[in-house]
Amino acid sequence: MPDERAERIADFIEPLRVEPGSEVILGRDFDPRYKAGLKKRDGGELLRSGVSLLAEYQERLAAQDTYGVLLCLQAIDAGGKDGTIRHVMSGVNPQGVRVSSFKVPSAEELDHDYLWRYSRRLPARGEIAIFNRSHYEEVLVVRVHPDNLVRQKLPHDACGPDVWDRRYREINRWEHYLTDNGFKVVKIFLNLSEEEQRARFLKRIDRPEKNWKFSAADVRERARWDDYQDAFSAMLSATSTKWAPWYVVPADRKWFARICSAAVLAHTLMDIDPQYPDVGEEARKALLVTRRELEGEAPAGTAADPYADSRRPGRKKRG
């Protein structure tokens with residue numbers, strides 16, 4: 001991929017990046033309605049280009065089998081996580097992508113350390129793993145609802161006032177360990193406004209086909225809006241690092257959020273720049289021998305190598 005394309009994507013997502021070490025106040029620093037001067041009518045083509053780029057690089061990632069990618073998606077309720085996954089990953093090979101959603105922890109999960117259940121769903125080399133909600137729930141929902149901390153059965157001296165700062169450090173070290181071992185961590189926060197959340201909740205009530213998505217519990221959580229905004233701001237400030245920066249994606253316009261999310265993931269894959277393996281001289285000779293054998297099996301009147309024949313100038317490609 002030309003460097004010019006990579007540079008354009010890097011420039012496009014730079015305003016979304018949380019500078020490591022900076023103090024974030026979400027309502028002050030990031031606008032949920034920001035759209036970089038783009039218009040919705042251009043969004044479809046931009047997203048298709050992004051999806052095509054992801055498909056190309058995902059195939060190379062799988063073939064190289066050296067790096068893995070972990071995509072963490074965080075958002076307030078109705079922030080658009082499911083739709084982002086569905087649209088952004090629509091063109092990739094599902095065999096190379098695994099999505100994990102983390103709900104209320106089970107009894108078994110509560111009997112382990114708080115990162116245990118997330119560690120079990122990490123990608124293999126050559127894979128993209130998507131966390132729909134992630135290990136950051138442990139400094140968001142658990143922080144807003146401290147009763148969840150009690151259920152984690154921690155020793156008394158591990159529940160002091162420094163528990164959140166300690167968890168930020170532990171998460172940063174864990175992500176550093178992953179990146180040191182070839183697993184890139186991509187973190188996207190879908191930033192939704194309070195008014196847009198209200199409108200989306202009403203849509204879920206008003207449209208019968210959306211009723212299944214409505215949860216009264218989500219509305220009860222809405223009453224803790226300010227607490228969540230404080231928790232998001234603290235998380236972004238403490239855990240945006242050089243090796244795993246946060247990107248705050250404006251989420252009030254779904255079409256723009258999807259373009260941004262595709263661009264952030266594409267930027268990571270282009271930075272890895274995975275390559276198809278070189279099979280080596282001996283393997284190449286073996287391929288040529290096999291090719292001659294297969295060409296010799298061609299029925300009368302059929303091209304010896306239909307694929308090579310279709311690639312000659314002026315010839316149509318075979319399906």
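The numbered points below take up the pocket, the helix contacts and the cavities in turn.

1. Basis of the note. This is a predicted model, in which local features need pLDDT of at least 70 and side-chain atom pairs count only at pLDDT 80 or more, while totals for chains, interfaces and linings use all residues. Residues are numbered from 1 along each chain as its sequence is written, and side-chain values use heavy atoms, with hydrogens and water left out.

2. The largest pocket. About 1,300 Å³ of space lies in the largest pocket. On a 1 Å grid over the protein atoms alone, a pocket is an open set of points with protein on both sides within 12 Å along at least five of seven lines, a cavity is a set where a 1.4 Å probe fits but cannot get out, and lining residues have an atom within 4 Å of a point. A volume is the space filled by probe spheres set on the points, which are joined across faces, edges and corners.

3. The lining of that pocket. There are 44 lining residues, and Asp-77, Lys-81, Lys-103, Arg-133 and Asp-218 lie nearest the centre. Among the elements giving two or more residues are strand E1 (68-75), helix H4 (81-88) and helix H13 (254-272); helices (H or I, at least four residues) and strands (E, at least two) are DSSP runs, numbered from the N terminus. H4 provides the largest share, four residues. By class, the lining has 14 nonpolar, ten polar and 20 charged residues (Ala, Val, Leu, Ile, Met, Phe, Trp, Tyr, Cys and Pro count as nonpolar, Asp, Glu, Lys and Arg as charged, and the others, Gly among them, as polar).

4. H3 against H13. The axes of helix H3 (residues 40-64) and H13 come within 9 Å and cross at roughly 30° (axes are lines fitted to C-alpha atoms, for helices over the stretch in contact, and angles run from 0 to 180 degrees between N-to-C directions). H3 is therefore roughly parallel to H13, a term for angles under 35 degrees, whereas those over 145 are roughly antiparallel, 65 to 115 roughly perpendicular and the rest oblique. The residues in contact (heavy atoms within 4.5 Å) include Leu-46, Leu-53 and Tyr-57 of H3 and Trp-255, Ala-262 and Leu-269 of H13. This contact of H3 with H13 has 14 nonpolar, two polar and two charged residues.

5. H4 against H13. Here the axes come within 10 Å and cross at roughly 60°, so H4 is oblique to H13. Gly-83, Thr-84, His-87 and Val-88 of H4 meet Arg-258, Ser-261 and Ala-262 of H13. By class, the contact of H4 with H13 has two nonpolar, four polar and one charged residues.

6. The largest cavity. How many cavities of 30 Å³ or more does a search of the whole structure find? The search finds two. About 50 Å³ of space lies in the largest cavity, whose lining includes Leu-71, Thr-84, Val-88 and Ser-261. H4 gives the largest share of this lining, three residues. The lining residues divide into seven nonpolar, two polar and no charged.

7. The second largest cavity. About 40 Å³ of space lies in this cavity, and Gly-83, Thr-84 and Arg-258 are among the residues that line it. H13 gives the most to the lining, with three residues. By class, the lining residues of the second largest cavity divide into two nonpolar, four polar and two charged.
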